[in-house]
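Let's take a friendly walk through a protein model. Have a look at the sequence and the 3D view first, then read on.

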Amino acid sequence: MTKSERTRQHIIEKAAPLINKKGMAGTSITDIMEATHLAKGGVYGNFESKDEISLEVFDYLRDTRRRRIDEVLSKHTAAKDKLFALLDVYGDVARHDLGGCPILNFGIEADDTNPQMRQRVREAIKFAENRFVKLITQGIADKEFSKRFDAETFSIKAFAMLEGGTFISRTMGNQQQMKVITDILKKEIEENLLK
């Protein structure tokens, strides 16, 4: 990595929890300067705008979460175990130490104001839903799940319920609702196991 690339990465990593918690509009360049210990020229020498920083921050947060999920899933072989582990990652909202789910946080803010960010969030949603689809499809191919297990419908339902559960859990300050959601989804997975 060149010095410029290291500085750019430093800005992204320091800005990530700020923008994820305070939002794109709520985070000022001064906030980013304070977090990075860089002058305005140091920030703008690496990025053209706060919007560019926000896009890079979203990618960083999304990729960090994907790597964490990939690491957890790599410890399992059976589709059911992988699905349960995936639900547990989503269910553990306390581990969202960078300010919660970036898909939820950036998606709400970018809905009507930032088409580039909205497109990135859309792609992240499709990726997350497809992860469920792939696991279920593999489980059906491995004769672990019934062919009646509708991977597409489950993936949409699961992702929507988990994102809603994340919002509620973070707002309420507890995991009670998220536990109910993950238990419901795990029950549906078990009901689709081949006996």
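Before we start, one handy term: two residues are in contact when they have heavy atoms within 4.5 Å of each other.

## What you're looking at

This is a predicted model, in which local features need pLDDT of at least 70 and side-chain atom pairs count only at pLDDT 80 or more, while totals for chains, interfaces and linings use all residues. Residues are numbered from 1 along each chain as its sequence is written, and side-chain values use heavy atoms, with hydrogens and water left out.

## The whole chain

The protein chain has nine helices and zero strands (helices are DSSP runs of H or I with at least four residues, strands are runs of E with at least two, and both are numbered from the N terminus). So what order do the elements run in, from the N terminus on? Simply α-α-α-α-α-α-α-α-α.

Along the principal axes, the C-alpha atoms fill a box of roughly 65 × 40 × 30 Å. Of the 195 residues, 42% are buried (buried is under 20% relative accessible area, exposed is over 50%, and partly exposed is in between, using a 1.4 Å probe and protein chains only). Among the contacts with a separation of 6 or more, 69% are between residues 24 or more positions apart.

## Helix α4

Helix α4 covers residues 50–73, which makes 24 residues. From its first C-alpha to its last, α4 reaches 34 Å, close to the 34 Å expected (the expected span is 1.5 Å times one less than the number of residues). The N-terminal end of α4 is capped by S49, which has a side-chain oxygen 3.4 Å from the backbone nitrogen of D51.

Helix α7 spans residues 115–141, and E129 is in it. Is E129 buried or exposed? With a relative accessible area of 11%, E129 is buried. Leaving aside neighbours within four places in sequence, E129 is in contact with S155, I156 and F159.

R131 is also found in α7. R131 is buried too, with a relative accessible area of 12%. Again leaving aside neighbours within four places in sequence, R131 is in contact with R66, I69, D70, L73 and L86.

## Where α5 meets α9

Two packed helices are described by the angle between their axes and the distance between the axes. Helix α5 (residues 79–91) and helix α9 (residues 176–191) pack at about 170°, with axes 10 Å apart. Those axes are lines fitted to C-alpha atoms, for helices over the stretch in contact, and angles run from 0 to 180 degrees between N-to-C directions. That is why α5 and α9 count as roughly antiparallel (over 145 degrees; under 35 is roughly parallel, 65 to 115 roughly perpendicular, and the rest oblique).

On the α5 side, the contact is made by K80, L83, F84, L87, D88, Y90 and G91, and on the α9 side by M178, T182, L185, K186, I189 and E190. These residues divide into seven nonpolar, two polar and four charged (Ala, Val, Leu, Ile, Met, Phe, Trp, Tyr, Cys and Pro are nonpolar; Asp, Glu, Lys and Arg are charged; the others, Gly among them, are polar).

K187 sits in helix α9 and counts as exposed at 51% relative accessibility. S28 lies in the loop between α1 (3–22) and α2 (29–36), and S28 is partly exposed at 29%.

Terms used: Polar contact = N/O pair within 3.5 Å; in protein donor to acceptor, adjacent residues only side chain to side chain.
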